[in-house]
Amino acid sequence: MSEDIDLAEFERELLAPIARDFSTVLVAEKDDDSGMRLIFLIPKRLLTPNEVLPICSELVPIISRRIPERAEGWAAGIVVERLHGPAMGCYYLGWAGHAEGWMQYDQSADHADWLALFQRLERLVPPPDHEGRSQGGLILNDEDNGLPRQRLSVHRIEALTADLVANIQQVLKDGYSEWCVEVRLILPEGVPGEGIDIWSDEIVEHWDRPDLERKLGDRLKI
């Protein structure tokens, strides 16, 4: 890739045909360690892999005019981000003699499945008030990012009980064994946000339990 290329102009050129679905295109200033130039697409809405593939293909001619093919290794990679969380995957191009290819980083979930699970979990959590604030110390995030995940934020540690965890696991056991409820802490005590991941058959702790026990005492219920 030419060192004197106008990155801002290149980004505008890439964004123009996809602006309906993406808010931002960012082109890395330098090649990565493998010699590949990464291009990041930031979506406006939930997108499926089937929607992303033709979008990436549409950008290939624009990218190829700026980034020449390489004899060894990919010349460029289009990284498609999610609304939040890890990227969906990367579309590789520009390796002479190799077909372009999409690599998905994580398993995607169908929105209908996400919504059905959200509605079941919603029955376990008091709804937020009209301003979106927690009424019971818990908020179930209502934004689907395409992963088999639900996110639960804890605003009052006493609300995270053993019974709540057991009830969530019971829901997951009923057809959602591959799904996870990510519990994150947003507490006034100022503790780190790492919490737990609830699976149908296990609980994975990411928090510093000894530190929480020192700071929260018997208010920590699990």
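Predicted model: local features only at pLDDT ≥ 70, side-chain atom pairs only at ≥ 80, totals over all residues.
**Exercise 1.** Determine how helix H1 and helix H2 are oriented relative to each other, and which residues make the contact between them.

*Solution.* Begin with the axes: those of H1, residues 7-15, and H2, residues 49-66, come within 10 Å and cross at roughly 160°. Angles over 145 degrees count as roughly antiparallel, and H1 is therefore roughly antiparallel to H2. The handedness comes next, and the crossing of H1 and H2 is right-handed. Turning to the side of H1, the residues that take part are Glu 9, Phe 10, Glu 13 and Leu 14, and they meet Leu 59, Ile 62, Ile 63, Arg 65 and Arg 66 of H2. Sorted by class, this contact holds five nonpolar and four charged residues, with no polar ones.

**Exercise 2.** Carry out the analysis for helix H3 and helix H4, giving the angle at which they pack and the class of the residues in contact.

*Solution.* H3 spans residues 111-122 and H4 spans residues 162-173; their axes lie 10 Å apart, and the packing angle is about 150°. H3 and H4 are therefore roughly antiparallel to each other, and their crossing is right-handed. From H3 the contact draws on Leu 117, Arg 120 and Leu 121, while H4 brings Ile 168, Val 171 and Leu 172. The tally by class is five nonpolar residues, one charged residue and no polar residue.

**Exercise 3.** Describe the largest pocket by its volume, by the residues closest to its centre and by the elements that supply its lining.

*Solution.* The volume comes to about 170 Å³. Eleven residues line this pocket, and Phe 118, Glu 122, Pro 127, Pro 128 and Leu 140 are the closest to its centre. Both H3 and strand E6, residues 138-140, supply at least two lining residues each, and the largest share, three residues, comes from E6. By class, the lining of the largest pocket consists of eight nonpolar, one polar and two charged residues.

**Exercise 4.** State how many cavities of 30 Å³ or more the whole structure holds, and characterise the largest cavity.

Methods
Residues numbered from 1 in each chain as written. Heavy atoms only, no water. Axes fitted to C-alpha atoms, helices over the stretch in contact; angles between N-to-C directions. Helix = DSSP H or I, 4+ residues; strand = E, 2+ residues; numbered from the N terminus. Parallel < 35°, antiparallel > 145°, perpendicular 65-115°, else oblique. Left-handed = near helix turned anticlockwise from the far one by under 90°. Contact = heavy atoms within 4.5 Å. Nonpolar A, V, L, I, M, F, W, Y, C, P; charged D, E, K, R; others polar. 1 Å grid on protein atoms, 1.4 Å probe; cavity = no way out; pocket = protein on both sides within 12 Å on 5 of 7 lines; lining within 4 Å. Points joined across faces, edges and corners; volume = space filled by probe spheres on them.
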